[in-house]
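I opened the notebook to record what I looked up in this model, going from the metal site to the sheet, then to the helices and a few single residues.

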Amino acid sequence: MEAEGKFAAIIVAGGTGSRSGLAQPKQFALLGAKPVLAWSIDAFAAHPRCTQIILVVPADHFGTAEAIAAGRVKIVHGGDSRQASVAAGLAALGADAVTDAPYVLIHDAARPGLHGAVIDRLLGALDAGAPGAVPTIPIADSVAEVMDGLGDYARRENLARVQTPQAFVAAQIIAAHANWAGPDAGDDAQMLRATGAKVALVSGDPLLGKITHIGDLERVGAMLGQARISVVGSGFDVHRLVAGDGLWLGGYFVPHHQKLDGHSDADVLLHAITDAILGTVAAGDIGQHFPPSDPRWRGAASDQFVRHAMQWAAMAGVRITHVDATIICEAPKIGPHREAIRARLAEILGLPLARISLKATTSERLGFTGRGEGIAAQASVSAQVWDVP
Ligand code: MG
């Protein structure tokens, strides 16, 4: 075994994002000033023993990955499973790879807290002769079987969390993948272990925690020293009142002898809130995202505009904390519907009821709202965002 061998890195960014609650995979969301994925690329690129980085991404996110990687990595399409994606990464190493770099490190893009010290510990284990090594951290809580109520406790001292990157002698993990005949393996270290090889353990790091859910972005960002600041977005909208049998306000149907006129369902309150959310991200206005000229939005329920704006905000690492909105009209009376509208807004925005403020006012019979020609709404949305330069 060659001591001080160089390594190739494979970053698997195969997730579709469904588990995180995001429309886009979480590895493309902003964590501080750069996307989650970029953190791992930077950590490998900065390591003196890294010869190349291979990034495995879903085919439909190739362009996003290319923009983030900025020419520093070789990008290949992933497979249907993590295992297939790693195999695609190994296949992309190239014919001379094992001579150039006898080691390979396989890492999940959803663990952005990668740093040189963990890489050094893994390489140290390989330099000392281990065919494979994984970072582990002890389990602090009790661990029990819970199939049918509380079952037996496991011996915690015999258990550990297994993180990535996982490090291997390249030729051995390539052979383990090639010879694997079982069902989908838990991870690559299990595949190496199945060949009879002993996988070494090195100290992992809480910083390597995985981003599984949207809320994890903020927690992991704080661990990585990324500061948050408060911002406020504002929105304003008006729709004309015409003859009809009721109108949508905040995703709630209010019976009335008129309706609001518009291309979509004309929910003036949700439109103001959508613009306020886009304001927290500096992402333009509702007209840019949903042009009235687009037939897709004819009669559309406006909660989808809010959800789109929230997705946009989530990918920018924004957490919405509070909404304060005002409806301006002479009729219908908002008071009797206020609590129902608040409850609906809380549902659409995924916020506690206490974080939804809804007010109503007339304009003292002045102006277009005073004459009953239309309804206006304004909204302020408070949010926590990354403090970026
Ligand atoms: Mg509107």
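I took as donors the N, O and S atoms within 2.8 Å of the metal (3.2 Å for Na, K and Ca), and since water is not among the atoms, sites may look incomplete. The model is predicted, so I kept in mind that local features need pLDDT of at least 70 and side-chain atom pairs count only at pLDDT 80 or more, while totals for chains, interfaces and linings use all residues. Residues are numbered from 1 along each chain as its sequence is written, and side-chain values use heavy atoms, with hydrogens and water left out.

The protein donors are Asp 237 (OD), His 239 (NE2) and His 271 (ND1), and they lie 2.1 to 2.3 Å from the ion. Distant parts of the chain are linked here, with Asp 237 in strand E11 (residues 228-243) and His 271 in helix H9 (residues 268-281), 34 residues apart. For these names I used DSSP runs numbered from the N terminus, helices being H or I of at least four residues and strands E of at least two. Are Asp 237 and His 271 buried or exposed? Both are buried, where buried means under 20% relative accessible area, exposed over 50% and partly exposed in between (1.4 Å probe, protein chains only).

**Sheet.** I then followed E11 into an open sheet of five strands, ordered E14-E11-E17-E15-E16 with mixed pairing; two strands pair if DSSP finds at least two bridges between them. Strand E14 (258-261) and strand E16 (356-361) stand at the edges with a single partner strand each, so one side of each has no neighbour in the sheet. From one strand to the next the twist averages 25°. E11 and E14 run antiparallel and are joined by four bridges, and I found Ala 243 standing opposite Gln 258 in E14.

**Helices on the sheet.** H9 lies across E11, E14, strand E15 (319-328), E16 and strand E17 (374-386), and runs at about 155° to E11. Axes are lines fitted to C-alpha atoms, for helices over the stretch in contact, angles run from 0 to 180 degrees between N-to-C directions, and contact means heavy atoms within 4.5 Å. Helix H12 (residues 338-349) also packs on the sheet, where H12 touches E15 and E16 and its direction makes about 140° with that of E16.

**Enclosed helix.** Which residues of H1 are buried? I noted Val 36, Leu 37, Ala 38, Trp 39, Ser 40, Ile 41, Ala 43 and Phe 44; with eight of the ten residues of helix H1 (residues 36-45) buried, H1 is largely enclosed by the rest of the structure.

**Single residues.** Thr 369, in helix H13 (residues 367-370), is buried with a relative accessible area of 6%. Its C-alpha atom is separated by 6.9 Å from that of Ile 328, 41 residues apart along the chain. Not counting residues up to four places away in sequence, Thr 369 touches Ile 328, Glu 330, Ser 363, Gly 374 and Ala 376.

Ser 380 lies in strand E17 and counts as partly exposed at 31% relative accessibility. Leaving aside neighbours within four places in sequence, I found Ser 380 in contact with residues including Val 232, Gly 233, Ala 276 and His 322.
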